[in-house]
Amino acid sequence: MKKDLIAVILAGGTGNRFWPMSTDKSLFPFFNKPLIVHSAVSHLPKEVTRVVIITNDMNNAVLSHLTFSVPSITVVQPAARGMADALLSAKTHLQNSSLLIINADDVASASYFDDVIAKGQKEGILGVVPGYRAKHYLPMGYLLTDGKAVTGIAEKPGEGNEPSPYIAMLGHYIADGNLLLEELRQTKSNEDNVYEKALSTLMKRHTFILHPFEGDFASLKYPWHVLDVLHVLLETLPNHRGKNVEIKSNVILEGNVYIEDDVRIFENTKIVGPTYIGKGTIIGNNNIVRESHIGAGCVTGFNTDITRSYVGDDCWFHTNYVGDSVVEEHVSMGSGAVLANLRLDDGTVFSTIHGELISSYSNKLGALIGKFVRIGVNTSIMPGVKIGRGTFIGSGMVIDKDIPDDSYCIQKSSYTIIRNKKTVAGVSRDEFRKKL
Amino acid sequence: MKKDLIAVILAGGTGNRFWPMSTDKSLFPFFNKPLIVHSAVSHLPKEVTRVVIITNDMNNAVLSHLTFSVPSITVVQPAARGMADALLSAKTHLQNSSLLIINADDVASASYFDDVIAKGQKEGILGVVPGYRAKHYLPMGYLLTDGKAVTGIAEKPGEGNEPSPYIAMLGHYIADGNLLLEELRQTKSNEDNVYEKALSTLMKRHTFILHPFEGDFASLKYPWHVLDVLHVLLETLPNHRGKNVEIKSNVILEGNVYIEDDVRIFENTKIVGPTYIGKGTIIGNNNIVRESHIGAGCVTGFNTDITRSYVGDDCWFHTNYVGDSVVEEHVSMGSGAVLANLRLDDGTVFSTIHGELISSYSNKLGALIGKFVRIGVNTSIMPGVKIGRGTFIGSGMVIDKDIPDDSYCIQKSSYTIIRNKKTVAGVSRDEFRKKL
Amino acid sequence: MKKDLIAVILAGGTGNRFWPMSTDKSLFPFFNKPLIVHSAVSHLPKEVTRVVIITNDMNNAVLSHLTFSVPSITVVQPAARGMADALLSAKTHLQNSSLLIINADDVASASYFDDVIAKGQKEGILGVVPGYRAKHYLPMGYLLTDGKAVTGIAEKPGEGNEPSPYIAMLGHYIADGNLLLEELRQTKSNEDNVYEKALSTLMKRHTFILHPFEGDFASLKYPWHVLDVLHVLLETLPNHRGKNVEIKSNVILEGNVYIEDDVRIFENTKIVGPTYIGKGTIIGNNNIVRESHIGAGCVTGFNTDITRSYVGDDCWFHTNYVGDSVVEEHVSMGSGAVLANLRLDDGTVFSTIHGELISSYSNKLGALIGKFVRIGVNTSIMPGVKIGRGTFIGSGMVIDKDIPDDSYCIQKSSYTIIRNKKTVAGVSRDEFRKKL
């Protein structure tokens, strides 16, 4: 007899590497919807009969209000002890069922759960594991596979040692969940890899097959992954004009631009899609906005350039460059402030996470800025720098390292005032006017 | 028998709180005319038979050349000892007349002298006092009134203690000037309030009535009041195109824009009215100018934003932000210099006047810059900062306090030069070009 | 019997005052061709029967590949010992001929070699010396002349002591080269003026006549002379659109703009001629480019202003001001970086060459930047400053003196981080939105 299919959505992680972003990862908003809607809710296969969301203390209140077309519950994972612990926390709800294990922080450019389930429901198969091809090596789990069966997972094999081009994605289908739960209970590890170990063990005894995913895929872990997730989601964005949208003269809209209601776009501005503009946002004169997300209630001011960036709700700009950057909500930047996105040597941008220098695997990365940050005029933030929530930064400064939450960065003026003995040279400004 | 009506125009104040502006307040130019023309000359009621202008040492030479449709004289007030002293200085010229007492530094969005006189010329009334409603508390005199009669003036009652919503404006009508002059002579005070005290005394014995003024009103005292006065005057500005005006393609003119002769406006620029552009001024490419005054002979250069600001004659800009600022004549700003107009905390902007921190009652206030100032490239001037006449400020600086006249602000470079061991990464710029 | 006419092209100078430019002066590229093509190759008179190019160690390899319509050879001058030495180095190739002596570093707005030869080939004349009128005194050789005959050369006579308005140009025609070579051999001098001394001696015995040149003329010696040469060459530039040129909407092209193949120009940009845009270059949105040279493979980014400047190949900009500046190839500037081109006092810009302060004779001069330089965001380079090849300059800095080759300019951040006790004022941003 075919078992019930439960979608288990993992949303219990604490996101402690996600600072300075202070929104829960699964709730991080894209296109005015939390990430979990993009990753799980809107792709739920029709074969699923129940949903179990593993949550944490912080996000449970919100996530318990999510509604699905089938019954759903949330289970709070007592502490963030990894994925195996998450599943075991909910084991009473997962008995005697097939499982589709979904990560709330993972997005893909196309639905693949239906295909995974279709492959998994054939005779004699215990599991289906999707895999995708990254553009460059990533320190993640790579699948051991002949292209059809999956026989194991190699954790962070090191560049050049990848056993296959496929990185393990979640979206696992397990025909008999009891087998998995039992294996999880018996597996011990000092590392956060109990789930992968248990799965590898099962793969030795049972048939797991590969679902090669051909689209783009991203997972939210470090704050700059907001840009990767955004990139994946933007690809799916249709062209759209909301109600009460005002577009002034000589505005150029190129590609798919999703414009919510009550947006106003001023003259001589160009928007290159795929780009999302949130409700009530004002895009000022002579702006350029390219492949970006701009939340609701923002004002970009005169002459701003927002390129390949995520901007949350209620942010204000004025003559800024926001390049390859993540700016959470309620951030303001003074005129001439710049989020630099390229090192002088064009090198890969690194960022410090818990004291460790982590590669962004990109040579174009700007700043990562938490909520309620204010940045003074003509201030420059260096590539990969993170600014904590609630921090104020003065004017004319260069910020080259991370700034904690609720800080105030002050730079003492060091100028000298002397008597001005210079007078303006006899050059007539009329001469200059002739050159105009 | 009806008395002669003399308009007494008070222009004898020294404006010692008006620094760094060095033009006499009554002569401060708006729309190529001194303030006194806007405040008094152009509103002179037909009932007035003579004009007496109380001047000071500095402005008398200019003011004695003002012409009216009726006979006029100037009387130099020996020292700036207040309004009572000003009137008494001219008492021989004011005998046996009715008086309309006008402040040369006050402007209103509509003429009200005619109404004041009409009300005052009824039987049994000694005086008429106009009052206006400010948007917020101001440290000025508030009228004691039942809405019709005025029974006294409460000086700076403190916020919440206002006896009425009406702030005392000048434009007082006094049917019998002798009574006022006599009272002024007898009144003693240690403070600069003899006039108000005398008026209050008269109000106990005679009927004074209120003229509620419903329009906008402003008085020039502190340098940022130039913006208040400008705001009032701009409301009255018609749409106008002078002779020999050149407007290039894709220029957007919105609202009332008064453009004097020989102005040139370059491509992709937007001007939002009410705005005044002085004779021969060049507005460069890709500018935005909003609700501002730009004097004659200016050049705004490429990509400048002038918003809610006053700019005098012969100023040069290039890629600047001039927000909520006052820039007197012959000022030049280098590329990227910014006059910041908003604190990081959005708080009310204060400015120091004679050592005292004075509220501007505004959270949007930029810089206040005297004549012949030069500001280097990428320099930032903080909100409410005043820059004295003839001062030069270097490049890349942040100026956060007032700078005296004729100063030269220098900042020593503090960089270190080491051997460059970095080389440009192997990333092909061709990759970057693909993203363009 | 009429002698053979040999064009001697002097290209052996080392250009040690040309730093930070590292291209040989005669090879410095304008319009994708080395200077020598503009100065000599393309103006070669039909009377010339052979060409002798005096080269140096460095440029001989390239110059030996130049082709002319007549036979040519290169002669390497062993060391840079001046012009007399240059000619004597090649004396075996110059026997028994007439000579047209051309400086590879000199350009003129019109061909004049033909006229010089025509004048020189009349009976009884030994030489023809062209002279031009500069706009202001230059420390060069001035001709002693009655307007027809030239009787001597006064070296750097000092301002006010010029014997005539004519500055000696090269392009000398010598009917009997043997006389010149013999005189050069016999002339001794402790200074680098053997050629001028020898010529002056010959002028006492033989007839030399003046060719007054009425056009513009420039010679490449100091790095800012690139702008003078450019100015002369731009005057000759036709209007041109290459193949596969993409010009987006609302692009304004004014005057002669020479656009090479594969150029793309984005929206809301204005280009004022005479201007040259090299092959494959991308001019971004909302730019202004005026009277400038932009090499091949450049990207100007958003909102850049390039005015009266020379930019070499493969340079990248983004929201920069490049005014009256020379930027050699492979230079990148971060967003908001400015090359300032005007002193606060509008004074003449000086630059230090070998420890000596040299006047540029101009009050508008920006920076002079060698190859492979990278400049950080919001950095300001002061007028007349030279940046050596391969140097990196950090962000938010002010560079007010020359920086050697291969340097890394670092500025230590000096900000303090305190606890932010400020909160955002209760002012509703909704109030601000109303003003938009």
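**Contacts, sheets and a core in a predicted model**

Me: Which residues does Lys422(A) touch, leaving aside those up to four places away in sequence?
Reply: This is a predicted model, in which local features need pLDDT of at least 70 and side-chain atom pairs count only at pLDDT 80 or more, while totals for chains, interfaces and linings use all residues. Residues are numbered from 1 along each chain as its sequence is written, with chains lettered from A and ligands numbered from 1 in the order in which they are written. Two residues are in contact if their C-beta atoms, placed from the backbone, lie within 7 Å. By that rule, Lys422(A) touches Phe392(B), Tyr408(B), Leu344(C) and Asp345(C).

Me: Is Lys422(A) buried, partly exposed or exposed?
Reply: A residue is buried if 20 or more other C-beta atoms lie within 10 Å of its own, exposed if 12 or fewer, and partly exposed in between. Because Lys422(A) has 16 C-beta neighbours inside 10 Å, this residue counts as partly exposed.

Me: Which residue of chain C stands opposite Ser407(A)?
Reply: Strands (E, at least two residues) and helices (H or I, at least four) are DSSP runs, numbered from the N terminus, and two strands pair if DSSP finds at least two bridges between them. Strand β39 (residues 407-411) of chain A is joined by five bridges to β40 (residues 415-419) of chain C, and the two run antiparallel. In β40(C), the residue opposite Ser407(A) is Arg419(C).

Me: How many residues on the side of chain A that touches chain C are nonpolar?
Reply: In this interface, 37 residues of chain A are in contact with 35 residues of chain C. Ala, Val, Leu, Ile, Met, Phe, Trp, Tyr, Cys and Pro count as nonpolar, Asp, Glu, Lys and Arg as charged, and the others, Gly among them, as polar. The side of chain A that touches chain C has five charged residues, 13 polar ones and, as nonpolar, 19.

Me: Why is one side of β16 and of β22 in chain C left without a neighbour in the sheet?
Reply: In chain C, three strands form an open sheet in the order β16-β19-β22, with parallel pairing. Since β16 (246-247) and β22 (282-283) each have a single partner strand, one side of each is left without a neighbour, and both stand at the edges.

Me: Which residues touch the most other members of the largest nonpolar core?
Reply: A nonpolar core is a set of buried Ala, Val, Leu, Ile, Met, Phe, Trp, Tyr and Cys residues joined through C-beta atoms within 7 Å. Of the 402 residues in the largest one, those touching the most other members are Val8(A), Ile9(A), Val8(B), Ile9(B), Val8(C) and Ile9(C).
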